Amino acid sequence: MSAGDQGPGGPQGIDQLLARVRSGYERVGPAEAAAAAAEGALLVDIRYAALREKDGLIPGALVVERNELEWRLDPRGSHRAPQAVSHDLRIVVICNEGYASSLAVASLRRLGLHRATDLTGGFQAWRAAGLPVSLRP
């Protein structure tokens with residue numbers, strides 16, 4: 001870890017890192033994420049395959065493995081998803097419980113995707129809110 005990767009005062013724990021990352025943008029709840037999707041936002045599911053198979057999918061969400069996320073969503077990238085059309089695209093990243101998605105958003109924002117956010121509580125909050133889930137891909 002280089003000195004530039006450390007918070008003020010030296011190394012920080014994951015809770016401090018999450019707080020710092022999340023302070024830079026507004027997270028959304030399940031109803032807000034659904035409304036954003038209805039208005040054209042891209043929902044991006046970064047959960048790993050076993051969780052998607054166990055719990056299901058959000059209809060219409062783009063599934064992108066976390067280790068491919070930046071390559072698939074960079075509008076200038078050669079491996080971009082067809083949906084990755086602009087740095088102005090509204091993106092809501094969804095992981096299982098809303099932790100890994102925050103770190104993913106920080107990375108997307110560094111790429112210039114300034115409207116990227118994540119779902120507080122992740123897929124589990126979406127499902128608990130009674131929003132649509134498909135059990136089959």
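I started with E65: at 27% relative accessibility it counts as partly exposed, given that buried means under 20% relative accessible area, exposed over 50%, and partly exposed in between (1.4 Å probe, protein chains only). This is a predicted model, so I keep in mind that local features need pLDDT of at least 70 and side-chain atom pairs count only at pLDDT 80 or more, while totals for chains, interfaces and linings use all residues. Residues are numbered from 1 along each chain as its sequence is written, and side-chain values use heavy atoms, with hydrogens and water left out.

What does E65 pair with? I find a salt bridge to R52, with the closest N and O atoms 3.2 Å apart (the term needs a side-chain nitrogen of Lys or Arg within 4 Å of a carboxyl oxygen of Asp or Glu). The two partners sit in distant parts of the chain, 13 residues apart: E65 in the loop between β2 and α4, R52 in helix α3 (residues 49-55). R52 counts as buried at 15%.

I count six salt bridges in the structure. Another one joins E70 and R66 at 2.9 Å, N to O; E70 is buried at 16%, whereas R66 is partly exposed at 29%. D55 and K54 meet at 3.1 Å, with D55 buried at 5% and K54 exposed at 57%. I also see K54, D55 and R127 linked in a network of salt bridges.

Next, the sheet. Helices (H or I, at least four residues) and strands (E, at least two) are DSSP runs, numbered from the N terminus, and two strands pair if DSSP finds at least two bridges between them. I get an open sheet of four strands in the order β2-β1-β3-β4, with parallel pairing. β2 (62-63) and β4 are at the edges with a single partner strand each, so one side of each has no neighbour in the sheet. β1 (residues 42-45) and β3 pair over four bridges, and V44 stands opposite V93 in β3.

Which elements do the buried residues of α5 pack against? I list α1 (14-22), α4 (69-73), β3 (91-94) and β4 (116-118), where contact means heavy atoms within 4.5 Å. The buried residues of α5 (residues 100-110) include S101, A104, V105 and L108. Just after α5, I note that G112 takes a positive phi of about 100 degrees.
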